[in-house]
Amino acid sequence: EDTIMKDIGITNKLHCKLILRKAAQFKQNTEEFGKILDGDERLKEYQQLFEDNAILTLHDLKSDVKNKLDLKRILNIKDDEELNQIWDVLFPSNYKLNKSVSDVGYAEGQGTPMI
């Protein structure tokens with residue numbers, strides 16, 4: 001708290017506590033997302049791409065990935081089977097987002113989603 005007040009120049013203690021609480025929450029959220037990525041060999045190779053696209057937490061993932069096409073673009077996945085496997089790991093069938101877009105596929109030879 002003293003460091004924030006001195007180094008950053010925040011003078012209001014309430015603001016310092018808020019910043020510290022948000023920082024701790026962000027750290028916990030990034031660690032949680034990191035465990036998910038580390039927990040599956042297929043996801044480990046995409047960790048840098050997630051970071052490059054500022055996807056550091058599950059909240060970031062949910063905000064930036066609304067369908068399989070988003071995931072394909074962000075992770076530069078060429079193979080639809082691999083895309084489906086990564087999707088299933090990130091958005092299990094009991095996950096709300098997956099239910100709304102579970103039927104998204106790709107037309108033969110086209111990059112457009114089929115719903």
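**Aromatic pairs in the whole structure.** A search of the whole structure finds 2 aromatic pairs; rings of Phe, Tyr and Trp (its six-membered ring) pair if their centres lie within 6.5 Å. Planes under 30 degrees apart count as stacked, over 60 as edge-to-face and the rest as tilted. This is a predicted model, in which local features need pLDDT of at least 70 and side-chain atom pairs count only at pLDDT 80 or more, while totals for chains, interfaces and linings use all residues. Residues are numbered from 1 along each chain as its sequence is written, and side-chain values use heavy atoms, with hydrogens and water left out.

**The pair Phe 33 and Phe 50.** The ring centres of Phe 33 and Phe 50 are 5.5 Å apart and the planes stand at 80°, so this pair is edge-to-face. Phe 33 lies in helix H2 (residues 13–38) and Phe 50 in helix H4 (residues 47–52), 17 residues apart; helices (H or I, at least four residues) are DSSP runs numbered from the N terminus. Phe 33 is buried at 2% relative accessibility, and Phe 50 is buried at 0%. Buried means under 20% relative accessible area, exposed over 50%, partly exposed in between (1.4 Å probe, protein chains only).

**The pair Trp 87 and Phe 91.** This aromatic pair is tilted, at 4.4 Å centre to centre with 40° between the planes. Trp 87 is buried, with a relative accessible area of 1%, and Phe 91 is buried, also with 1%.

**Contact of helices H6 and H7.** Lys 68, Leu 71, Lys 72 and Leu 75 in H6 meet Asp 80, Leu 83, Asn 84, Ile 86, Trp 87 and Leu 90 in H7, where contact means heavy atoms within 4.5 Å.

Note on methods
Helix = DSSP H or I, 4+ residues; strand = E, 2+ residues; numbered from the N terminus.
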